[in-house]
Structure formats: C-alpha cells, structure tokens
Amino acid sequence: MDPPLPENAIGNLLWFLPVVIEESEMDLAIIVHKMKKLVNEFVNEKAMKFKDDVLSVIGEFSKWSDFKEMELYNCSISWCKFPLYETDFGWGKPIWVSSASLSFKNSIILVDTRLGDGIEAWVTLEEENMSTFERDEELLDSASFNPSALVSDMIQ
C-alpha cells in the first residue's frame, strides 16, 4: 500500500478477486496465470486507492452479484512463509497449526509444514467433489495424505 501501513499495524486486510475459469480453461497454468494477473491489477489499480477513496474501492463488491449463479471456489493467498510456527503465547511454540474455523465450502489455504519441508493444503469441498479430489491420480502422485500430523508429533 502507498503509503505503507505503520509497522505496528495489526488486523486483517481482506479482498476477494473473482477469477472466472471456463470449463475449457481447466488447466493449472491458465488458472495460476489468471490469478496472478488479477492480483497484480488489484495491487496496481485498487490497493493504491485505499488511501484516497476507501468507499469507491469497497463499492467494487457490488459487481460481484454477477457471480452468484456460478460455482465458487475460494483460494487464499498462500500463508506460507508466515512465521506461524514461531508464535509463542507463553506455552511454547505450536507443534501443528491449523484453522479450526475453516468451515467455508470450496476453500483452499496453503501453509508451510512445521519443519518447512513441505506445504499443507487445507481443502474443503462438498462431499461429492471431495471424493473425486481424493482419488485424483495426479494429486496422489505428488502429495501425501496425513490426517494424524498432530498425533504422530505428540507420540514422539
């Protein structure tokens, strides 16, 4: 942001960037390209307006009514490289970070693993889509399913 937020600022800055993907464009490279393009447009065109005219930027939300008939999927900007595992509120550093409140359907959040040697993908989908997702051969070849990450660390 310009001017940048003060160093001691705290809170959440949240913005939705609707990326419309046609069925014929269901390719990871196309999706990532479209997402990057929209993030850059937001940073260069909208974020700079926050300092001058917050209400006009917030007014952009009214354009989203066009998307209410579409199947929506939410993907956060990566939480990787946030020092989540370095946080200590007096009880020591966490052994596993998660979002218990991730209850939105069709959501994806990427987070570093505790050791920093991988990435966890927190994915919520409707039951039928999750079943298909969990059987995807390309996914299975490049990922591992580990629902017991917390339990295995506690046993060691």
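What is the mean pLDDT of the protein chain, and what share of its residues reach 70 or more?

## Confidence

The mean is 76, and 70% of the residues reach 70 or more. pLDDT is the predictor's confidence in each residue, from 0 to 100. This is a predicted model: local features need pLDDT of at least 70, side-chain atom pairs count only at 80 or more, and totals for chains, interfaces and linings use all residues. Residues are numbered from 1 along each chain as its sequence is written, and side-chain values use heavy atoms, without hydrogens or water.

Confidence is highest in helix 3 (residues 127-134), at a mean of 88. Helix 5 (residues 149-155) is lowest, at 47. Helices (H or I, at least four residues) and strands (E, at least two) are DSSP runs, numbered from the N terminus.

Three strands form an open sheet in the order 1-2-3, with mixed pairing. Strand 1 (74-75) and strand 3 (119-124) are at the edges, each with a single partner strand, so one side of each has no neighbour in the sheet. Pairing requires at least two DSSP bridges between two strands. Strand 1 and strand 2 (residues 107-112) pair in the parallel sense over two bridges. Asn74 stands opposite Ser107 in strand 2.

## Around Thr113

Thr113 lies in the loop between strand 2 and strand 3. Its relative accessibility is 18%, so Thr113 counts as buried (under 20% relative accessible area, 1.4 Å probe, protein chains only). Beyond four places in sequence, Thr113 touches Tyr85, Gly118, Ile119 and Glu120 (contact: heavy atoms within 4.5 Å).

Key
Buried means under 20% relative accessible area, exposed over 50%, partly exposed in between (1.4 Å probe, protein chains only).
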